[in-house]
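Student: Could you take me closely through the place where the two chains touch? I would like to follow it step by step, starting with the terms.

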Amino acid sequence: MKQYLLSIYQPDGDPPPPEFLDEVMARVGAWDAEVKAAGAWVFSAGLHPASTATVVRSRDGDALMTDGPFTEGKEHLGGFTVITAPDLDAALDWGRKLAEATTLPIEVRPCEGEADG
Amino acid sequence: MPDVEIDRIFRQEYGRAVAVLVRHFGDIGLAEEAVQDAFTEAVRRWPAGGTPPSPAGWIITTARNRAIDRLRKDSAREAKHAQAALLHAREEPAEEGPVRDDRLRLIFTCCHPALATNVQVALTLRLLGGLGTAEIARAFLVPEPTMAQRLVRAKGKIRDARIPYRVPREADLPDRLRAVLAVVYLIFNEGYAAGSGDLLVREDLCAEAIRLGRLLAELMPDEPEVAGLLALMLLIESRRASRTDAEGRLVLLADQDPARWDRALVAEGQELVRRCLRRGRPGPYQIQAAINAVHSEPPTDWRQVLALYDQLLTFSPTPVVALNRAVAVAEVDGPAAALALVDELDLGGYHVFHAVRADLLRRLGRGAEAAQAYEAALTRTENTAERTFLRLRLREIR
């Protein structure tokens with residue numbers, strides 16, 4: 001089995017209206033449950049907005065910090081889930097379902113090494 | 001025996017050998033290296049000892065042994081993976097039975113949607129066509145290092161993201177097959193009308209596309225669109241000799257000499273079209289093949305062509321299909337009706353759009369507008385043969 005990182009990318013700016021967001025969260029919850037039931041779930045996390053991020057760099061032993069996310073782009077990482085899957089097709093299946101649930105693009109990327117089980 | 005003969009045999013058997021080895025060892029890179037090793041050995045042994053009775057079998061057996069050797073020597077390769085492969089290889093005899101499925105698996109892997117289209121094309125040509133990196137680079141007018149990197153990255157992604165090596169399951173097959181056919185047709189089109197080069201046709205790529213088409217037709221006899229694509233390519237290819245004149249200038253279908261068409265290819269294409277019609281499961285490639293089959297019996301029955309375009313539009317409601325349909329409308333209902341349809345299309349960047357408009361305007365006696373349209377077409381194509389043709393038409397109406 002291999003591990004894959006599924007990353008949710010959301011657009012910057014104001015969050016969508018609560019009615020819409022509530023529906024999305026409900027669908028994501030159902031997706032989470034489905035992944036766990038299939039024994040494919042490793043870890044997941046929703047992230048606080050990009051504005052809460054701090055980037056730390058090390059230069060000559062000093063820690064340099066910047067306020068905000070690493071990439072100033074039009075989208076930022078909103079959350080992620082690590083799953084196990086036998087191959088990319090299986091991982092993409094989960095990714096597609098998450099994309100449907102969130103209405104957002106999902107990056108599916110393999111982790112190095114083999115997973116147990 | 002000359003090296004060129006060994007070259008030819010290897011090129012022919014490359015896809016099959018690589019496909020079998022990928023099934024045994026699960027690693028495309030290893031499979032390719034092993035087949036290369038077998039080639040080196042063939043060059044050393046065949047001239048003196050003669051070509052083996054079954055070159056394919058010899059290549060596969062030798063490549064398997066070389067792959068095992070490589071795995072033993074290269075400790076960097078995952079130990080677990082290597083052990084499993086060694087176990088597997090020792091148990092099975094060197095059979096050729098499931099070879100058909102292996103090549104099918106390989107084509108579907110090369111055309112996986114996780115890979116960009118240009119990557120799918122390059123991989124297919126390399127692994128199934130046995131074309132060298134330099135050849136593929138030249139075919140697509142890309143620097144060789146770029147193409148080499150493209151192939152390395154693609155194989156890396158197949159390995160690291162674990163793109164599975166299998167024929168897709170039933171539910172996914174229609175979409176995945178469509179992608180495979182699109183790649184084969186892309187290769188054929190690239191060979192037929194080189195984008196921005198001096199040659200209107202590039203024979204190697206067309207031959208390779210047809211070869212892949214035949215392979216697919218053999219491996220998937222129940223898929224009518226596969227037969228449809230093969231028929232389409234055969235019928236277009238049948239007119240190769242008449243498509244350009246002695247000076248390499250473009251000759252339109254209506255002006256071509258049917259005596260110069262390859263009758264064997266025409267017959268084969270027409271027979272495939274007939275068989276497809278009997279199946280009653282039409283699709284875009286089959287319909288395009290049928291249109292070309294009608295063209296292959298001059299003078300073209302334009303009413304039949306128009307009816308086929310009507311059907312094609314229901315499958316592929318695209319502006320380009322509408323444009324081609326309009327050309328048929330001009331023959332059946334006159335240029336004015338066709339021009340009205342063409343003017344509705346949003347194809348300003350496509351040189352053929354302007355060339356068709358120009359021709360219709362010319363037939364309607366609107367010379368000045370026709371000239372403008374020919375100029376517009378000229379600025380949108382770099383193909384030498386097409387430009388020469390357009391300039392000639394422009395001169396005729398001035």
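Tutor: Happy to! We begin with a definition: a salt bridge is a side-chain nitrogen of Lys or Arg within 4 Å of a carboxyl oxygen of Asp or Glu. With that in hand, look at Asp93(A) and Arg169(B), whose side chains form a salt bridge with N and O 3.2 Å apart. Before going on, keep in mind that this is a predicted model, in which local features need pLDDT of at least 70, side-chain atom pairs count only at pLDDT 80 or more, and totals for chains, interfaces and linings use all residues. Residues are numbered from 1 along each chain as its sequence is written, chains are lettered from A and ligands numbered from 1 in the order in which they are written, and side-chain values use heavy atoms, with hydrogens and water left out.

Asp93(A) has another partner, within chain A: Arg96(A) forms a salt bridge with Asp93(A), and their closest N and O atoms are 3.4 Å apart. Why are these two residues about one helical turn apart? Both sit in helix α2 (residues 88-102) of chain A, and they are separated by about one turn because they are three residues apart there. Helices here are DSSP runs of H or I with at least four residues, strands are runs of E with at least two, and both are numbered from the N terminus.

Now step back to chain A as a whole. Chain A contains two helices and six strands, and along the sequence they come in the order β-α-β-β-β-β-α-β. Its C-alpha atoms fill a box of roughly 45 × 40 × 20 Å, taken along the principal axes.

Back to the interface between the chains. Counting heavy atoms within 4.5 Å as a contact, 11 residues of chain A touch 12 residues of chain B. The size of an interface is often given as the accessible area lost when the parts come together. Buried area is that loss for two parts, found with a 1.4 Å probe and summed over both. Chain A and chain B bury about 900 Å² between them, with 43% of it on carbon and sulfur atoms. On the chain A side, Leu88(A), Asp89(A) and Glu114(A) supply 49% of the area that chain A buries against chain B, more than any other three residues.
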